[in-house]
Amino acid sequence: MAILKVNNLHLSFGGLQVLHDVSFTVNSGEIYAIIGPNGAGKTSILNCLGGFYHQQKGSINFAGSDISHLTPDRRAALGLARTFQNIALFRGMTVLDNIKLGSHAHLKTGLLGAALYWGRAHREEMALREEIENKIIDFLEIEHIRKQPVATLAYGLQKRVELARALAMQPKILLMDEPVAGMNAEETEDMVRFILDIQEERDLTIIIIEHDMRMIMDISDRIMVLNFGQKIAEGNPQEVQQHPEVLKAYLGEKRGHN
Amino acid sequence: MRIGDFKESYAADEAVFSTSTSRFWLGMLFVLLAIFPFMAGEYLLYMANITGIAIVAALGLNIMTGAAGQISLGHAAFVGIGAYTSAILSNRFGLPFLLCLPLAGLAAAFFGVLVGAPSMRMKGLYLCITTLAAQVIFEFFFVHWESMTGGIRGLNIAAPSLFGFDIGSEFGFYWVTLVVVIIAATVSRNLFRTRVGRAFIAIRDRDISAELMGINLFRYKLYAFATSSFLAGIAGCLWVNHLKSITPEHFPLHESIRFLAMIIVGGLGNILGAIFGAIFMTLIPEVLQTILKFFEEIYPQAMSFLFPLQTVVFGFLIVIFLVFEPHGLAEMWVRVKSHFRLWPFKH
């Protein structure tokens, strides 16, 4: 069953054509990878999905309704969560507060309730803490750092906290922009294990951008390949690996002989 | 000394004063604050009152500039709006102090939201200039709307009373200030235990990812403007009821900058910092003055030299604090506290 349908996406900044007629469908519960050389437009697709960029043409259909004209905060509330290529945590806050912030759209406390911190506001915060502790902090094994400011954490841990914050948004689709970039083998393995567990246990759909080909080929259900803003191939890992356009984009063209 | 600090529930872990040691010292502080007015003379009570008023205003600015990262150069104008609102309401309509207090806050909050409206399209230094414009515009109104504000002569008000008690004296007003400061600090702290305060800090740290996390940036910026100017308005109401007169000269641009200096010296985004900063910026000039008076008795002829030196020393002290304590007085406090945590059994 399709949860996300993107039709004929066009995006340009002035004369620069970033995305050209990109269409794809993501099925519920799958890991869908977007790969391509640098500057192919991968992150721009995520920015369009999140509502940070506005496409000139084309539509984005999420869970049966068109979200093309919604603001980023509305899309987040509907269930689109995102982790960033360059870590975008709130550096002044602790790990716990960063994760709590992910739940923002699902909480109800208003300004007055917050000022008084009485009754519902208090109960809501306590329920939130309990839920985050049980469902996210335990799961991602970050109990030991929950009170630390994120700015002091190692890179791999910061990436994990970012994942935790995205999970706190209770997403239906998780958009991950290079989750293992810059990680060592062990950190990558940890992250892959978490991604697979999330997909399995939480029935989440994951759209992932990554340059680590071994990892992508291992965990993706389907892969889309972009080059210069155009979709050049789509299919399961075996199909994509043998696709002539993909080989051309990544390895260059063969000369006459051989 | 703090030992055996184990939490058994998340509620206990989330409490603000989570250990019996900190609750003990908080209690001691309250006892001290309650004894103080019976020991102190008129002058010290006056100092306590203006410090308290500065704390309320600084707590307000701390929410907007310290936590939400929207720099304001117009905070004094909002204090002024609160002060004028309170004076006009009590002079023209005979409203009691207890009613004037929230109304002054609401009036300031209303204008705060108006001034904050451009934040939909602007941020950073550009928004900062908008607040500067607000400062100038409101000052203009204070001076020229003579039928309401009394122009440059300003307004005088009668000594306020509360529940039949006269609070016009320094002693009486001390209790009002104390209660308002405690409420303002509690409300500030509470904000940051919920999603509202977290959203403020998120906007300061990274506004784009805050929006992608589902925070409506415009709404929360307006919330920050509203709460910040509400507290400024409350401070203004206290101000006018304390001095019993106001003129436009009380709320100039350099007063706005003084509020900014308070929260920077104290530690941006930190409630304790705002309190320390307000105390520092209010008391240090007075302390320097006292030292000066001491010298005056010994060398009367040195005054012409020493008097300007007072400002220089004050400025120098601020610079020293910023160099050695860039995170403000609040950070220093944390270090002192952690030193005493295991005292005297430090290894």
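Of the 347 residues in chain B, 43% are buried, a residue being counted as buried if 20 or more other C-beta atoms, placed from the backbone, lie within 10 Å of its own. The structure is a predicted model, in which local features need pLDDT of at least 70 and side-chain atom pairs count only at pLDDT 80 or more, whereas totals for chains, interfaces and linings use all residues. Residues are numbered from 1 along each chain as its sequence is written, and chains are lettered from A in the order in which they are written.

Chain B contains 15 helices and 4 strands, where helices (H or I, at least four residues) and strands (E, at least two) are DSSP runs numbered from the N terminus. Its C-alpha trace spans about 65 × 60 × 45 Å along the principal axes. Among the contacts in chain B with a separation of 6 or more, 76% join residues 24 or more positions apart, two residues being in contact if their C-beta atoms, placed from the backbone, lie within 7 Å.

In chain A, 4 strands form an open sheet with antiparallel pairing in the order S2-S1-S4-S5; two strands are taken to pair if DSSP finds at least two bridges between them. Strands S2 (16-27) and S5 (65-66) of chain A stand at the edges with a single partner strand each, so that one side of each is left without a neighbour in the sheet. Strand S1 (residues 2-13) of chain A runs antiparallel to S2(A) and is joined to it by 8 bridges. In S2(A), A:Val26 is the bridge partner of A:Leu4, while A:Leu19 stands opposite A:Leu11. The hairpin formed by S1(A) and S2(A) has 2 residues between the strands, and A:Gly14 in the turn has a positive phi of about 60 degrees.

At the interface, 33 residues of chain A are in contact with 29 residues of chain B. Helices H2 (72-78), H3 (95-102), H4 (111-116) and H5 (120-140) of chain A each supply at least two residues of the side of chain A that touches chain B, and the largest share, 6 residues, comes from H5(A). This side of chain A divides into 19 nonpolar, 5 polar and 9 charged residues, with Ala, Val, Leu, Ile, Met, Phe, Trp, Tyr, Cys and Pro counted as nonpolar, Asp, Glu, Lys and Arg as charged, and the others, Gly among them, as polar.

Terms used
Buried ≥ 20, exposed ≤ 12 C-beta atoms within 10 Å, placed from the backbone.
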